[in-house]
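Hello,

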Amino acid sequence: MTQDPPPRPVPTLADLFLTYGKIGLIGFGGINAWARRVLVEEKRWLTDQEYAETLGLGQVLPGPNALNAAIMVGDRFHGTAGAIAAPAGMFGGPLILLAGLAMLYDAYGELPTMRAVLAGVGAAAAGMVLGTAAKMTEKLKPPPALLAVGLVAFVAAGLFRLPLPYTVLGLAPFGIWAASRARRAP
Amino acid sequence: MSAALFWQLVLGFGAISLVSVGGGIAVLPEMHRLVVEVHGWMDSGDFARRFALAQAAPGPNVLVVGLFGWHVGGVPGMLTAVLAMTLPTSLLAFGFSRLRARLAGRLWLKTIERGLVPIAVGLIAASGFILARGTAEWWLPVAITAASTLFVWRTDHSPLWVLGAGAVLGLAFL
């Protein structure tokens with residue numbers, strides 16, 4: 001596709017709060033895949049590259065990476081107010097929902113019907129997350145060295161279950177080295 | 001909620017949050033140590049069931065600390081645990097975000113950001129794989145995961161469709 005994309009919209013403060021509220025409430029299997037879906041595909045506030053860079057920084061900082069990314073996205077569009085609105089939306093809805101679930105759990109324990117539905121949703125959510133990773137890789141078109149770093153990250157964290165701090169901090173120098181090589185290449 | 005409990009939650013989860021590089025779930029073993037071994041707030045089975053409950057619900061994975069807080073101190077315990085787990089690192093991320101804006105356009109920062117991208121994507125793939133392995137007890141969940149992967153990868157339709165289909169299939173067959 002060679003045509004120029006239309007100019008990307010800029011969210012208002014209320015947009016940020018409500019959109020992150022939605023991301024939080026539909027975020028089965030973790031926030032990140034859904035945040036990409038909504039921010040990049042539906043709202044077009046960020047490109048795939050921008051979203052992935054923000055999330056990458058969110059992962060090297062301590063703390064929940066989806067939260068770190070939300071703070072950076074909020075700050076990018078609306079400064080301090082945005083950095084509060086985005087995470088407040090992201091946590092608010094699910095927190096209320098979780099309080100309700102905690103009450104139900106205390107009262108009813110584990111109902112077989114509920115477990116069956118959750119198992120089906122869990123399997124579908126896993127596919128949603130895997131499909132997002134495939135889609136991002138396709139869109140970002142990483143050069144081979146960066147692709148290799150991504151594959152190692154997948155194998156280390158997914159197959160060998162290495163603790164995430166080792167995976168993230170151990171691979172970061174290789175990723176940065178690969179990125180600087182790719183930059184110098186013609 | 002007693003003052004002693006309040007400070008145990010604040011200091012316990014606050015300390016854990018500061019070492020949670022790579023995400024809140026990376027420190028699950030640390031949480032187990034705090035909640036089960038140090039304070040004896042619940043046993044290992046209860047810990048695992050509450051973790052599964054938080055995983056099944058939508059929202060940030062780190063909200064599982066809210067369930068631990070709920071267990072020991074009701075709503076105040078829930079809010080205390082979540083804030084202790086998120087506030088210190090949020091301030092750090094905000095400070096970093098400001099620094100990043102000031103350094104925007106520097107070539108070395110751009111290079112670092114590009115270098116972290118594949119790690120971010122690789123870890124998304126890893127979390128999908130771990131989720132899939134948790135549900136893959138026989139062929140149907142595996143088939144649901146595979147179909148959902150293709151649907152989300154190859155089409156631009158909302159992933160809520162596959163979640164709905166997963167719920168219906170789960171109800172009917174699992």
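A word on exposure before the details: buried means under 20% relative accessible area, exposed means over 50%, and partly exposed lies in between, with a 1.4 Å probe and protein chains only. Please keep in mind that this is a predicted model, in which local features need pLDDT of at least 70 and side-chain atom pairs count only at pLDDT 80 or more, while totals for chains, interfaces and linings use all residues. Residues are numbered from 1 along each chain as its sequence is written, chains are lettered from A and ligands numbered from 1 in the order in which they are written, and side-chain values use heavy atoms, leaving out hydrogens and water.

On to the aromatic rings. Over all chains, the search finds four aromatic pairs (rings of Phe, Tyr and Trp, the last by its six-membered ring, with centres within 6.5 Å; planes under 30 degrees apart are stacked, over 60 edge-to-face, the rest tilted). One of them joins A:Trp45 and A:Phe77, which is edge-to-face because the ring centres are 6.2 Å apart and the planes stand at 65°. A:Trp45 sits in the loop between α2 (32-42) and α3 (48-60) of chain A and A:Phe77 in helix α4 (residues 65-108), so the pair ties together parts 32 residues apart in sequence (helices are DSSP runs of H or I, at least four residues, numbered from the N terminus). A:Trp45 counts as buried at 5% relative accessibility, and A:Phe77 is buried too, at 17%.

In chain B, the rings of B:Trp138 and B:Trp139 have centres 5.7 Å apart and planes at 80°, so this pair is also edge-to-face. Here B:Trp138 is partly exposed at 36% relative accessibility, and B:Trp139 is exposed at 62%.

Now for the interface. The contact (heavy atoms within 4.5 Å) takes in 93 residues of chain A and 86 residues of chain B. Between them the two chains bury about 7,800 Å², with 74% of it on carbon and sulfur atoms (buried area is the accessible area, 1.4 Å probe, that two parts lose on being put together, summed over both).

Four salt bridges link chain A and chain B (a side-chain nitrogen of Lys or Arg within 4 Å of a carboxyl oxygen of Asp or Glu). Among the salt bridges is one between B:Lys110 and A:Glu53, at 3.3 Å from N to O. On the side of chain A that touches chain B, α5(A) gives the largest share, 25 residues.

Happy browsing!

Terms used. Helix = DSSP H or I, 4+ residues; strand = E, 2+ residues; numbered from the N terminus.
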